[in-house]
Amino acid sequence: MPSLEPIPTGKDAAVDSGSDNEADPELVELLRQHLGLSGNVNKDLPPETKVLENAQYVFDNAIDVAITLAQTKEAAETIWRLMQKKAYSTQTWSDHDLHPQSKDESTVDFIFTMDLLNFSFWSEEKDESKRFCIEYRGKKWTGYLSLVAALQRALDEDIPITTPDFWVDEDKCTDEVLRHVFRSATDEEMPLFSERVECLREAGEVLCDEFGGSFANMIESANFSAAGLVNLLTECFKCFRDENVFHGRKVRLYKRAQILVADLWACFNGEDFGEFHDIDKITMFADYRIPQMLHQLGCLRYSPPLESHIRRLQPITPGSNWEIELRGTSIWCVELIKREIEKRHPEVKIAGKIGLSESEDDSQSDQTAETDPKPPRTYGINAILIDFFLYDTMKNLEAEHNEGIPHHRTRSIWY
């Protein structure tokens, strides 16, 4: 099903080797290196994850998922206004009940462990009371927060669950100990438990063998580059290498690698371990909830067969065209939302990369001036904050049983 207003894909211009305008071979090679098409990588060029360009390729070639641009522009304005009203910024990350509050290396270890295991929490159990959940601090936690609760509970029990040295010590970190860490308050076990154990073992070996047992050392190796750290994660860890082939081309979606970098940035407010000079290269994180929310907003349209499949809660095969179209088109849709907000409200760029500024909101300044001498604060916008906002909104709609469509079902370690 084609998009209503497809964005044309640029084509490479042919070069006549006999003309006076023959391309400079050195320039061509530099361009090839920048695009990742050459084996001779120039380390001086800024890193690129290629996630966004791959997402546009998916959008351009999608058959069953389309973007309705008129609705996307309308949604952009709604999203911007709500994010300003709710003061959405990096601080919002720390406002979550279970997220770490300290700003030190122990929190870096926590975030790495959290996003190493941050995938596939949905349950096939129809009875909500029987679904996997974690009991902690007098509450039962489900979904992503069940993982955060399990990690916090383990640390309270003096189990060093966020320590790579512990993961590789199979005498102390046995499968039984890990089953205890992730024990459920119901009879349903945490989904993909064995795959999570495998991720821990692999990550522990890499960090201990190559980075002195510290993820902080890995961050330092990326030279304060968000894209560089994403690329390092996907190069060093097989379990972060979220790639597929779509219409004959490899596409990178890198959900967990990107959200790891985003969580560091948000937790540390763009400073210290979260200081990344190119944070805006991080895209939305292609998972279950954002496509669901974008469909609810009318930004995404599905073909009748795909929509029927999702509504009947039928599984979608990992790596299938349907799955890649859902994820890739969602990344591109959030990018269009971000661009539309920046076009209508250029002050969000002035607001800075950590999301706070005293810049004036023109749409409200006249009203505010009558009651408040200070101009309203404008909060910065990027794909990360838009993703966080859409995810939280969708979870709230789910809690209220106001979902317009179920999320798609793909059992996978990638999200």
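Student: On what basis are the values computed?

Tutor: Local features of this predicted model need pLDDT of at least 70, side-chain atom pairs count only at pLDDT 80 or more, and totals for chains, interfaces and linings use all residues. Residues are numbered from 1 along each chain as its sequence is written, and side-chain values use heavy atoms, with hydrogens and water left out.

Student: How far apart are the end C-alpha atoms of helix α18?

Tutor: Helices (H or I, at least four residues) and strands (E, at least two) are DSSP runs, numbered from the N terminus. Helix α18 covers residues 383-399, which is 17 residues. The expected span is 1.5 Å times one less than the number of residues, so α18 should span 24 Å. The computed separation of its end C-alpha atoms agrees, at 24 Å.

Student: Is α18 largely enclosed or open, and which helices do its buried residues pack against?

Tutor: Buried means under 20% relative accessible area, exposed over 50% and partly exposed in between (1.4 Å probe, protein chains only). Because 12 of the 17 residues of α18 are buried, the helix is largely enclosed by the rest of the structure. Among these buried residues are Phe388, Phe389 and Asp392. With contact meaning heavy atoms within 4.5 Å, the buried residues pack against α3 (69-85), α4 (91-95), α12 (255-267), α13 (289-296) and α15 (321-344).

Student: Which residue caps the N-terminal end of α18?

Tutor: A side-chain oxygen of the capping residue lies 3.1 Å from the backbone nitrogen of Ile384. That residue is Asn382.

Student: Which residue just after α18 has a positive phi?

Tutor: Most residues other than glycine have a negative phi. Just after α18, a positive phi of about 60° is taken by His401.

Student: Is Arg137 buried or exposed?

Tutor: Arg137 is found in the loop between β2 (134-136) and β3 (139-141), and its phi is positive, near 55°. Because its relative accessibility is 53%, Arg137 counts as exposed.

Student: What is the relative accessibility of Phe224?

Tutor: Phe224 lies in the loop between α10 (215-221) and α11 (226-236), with a positive phi near 60°. Phe224 counts as partly exposed because its relative accessibility is 47%.

How values were computed
A polar contact is a pair of N or O atoms within 3.5 Å; within protein, one must be able to donate a hydrogen and the other to accept it, and residues adjacent in sequence count only if both atoms are side-chain atoms.
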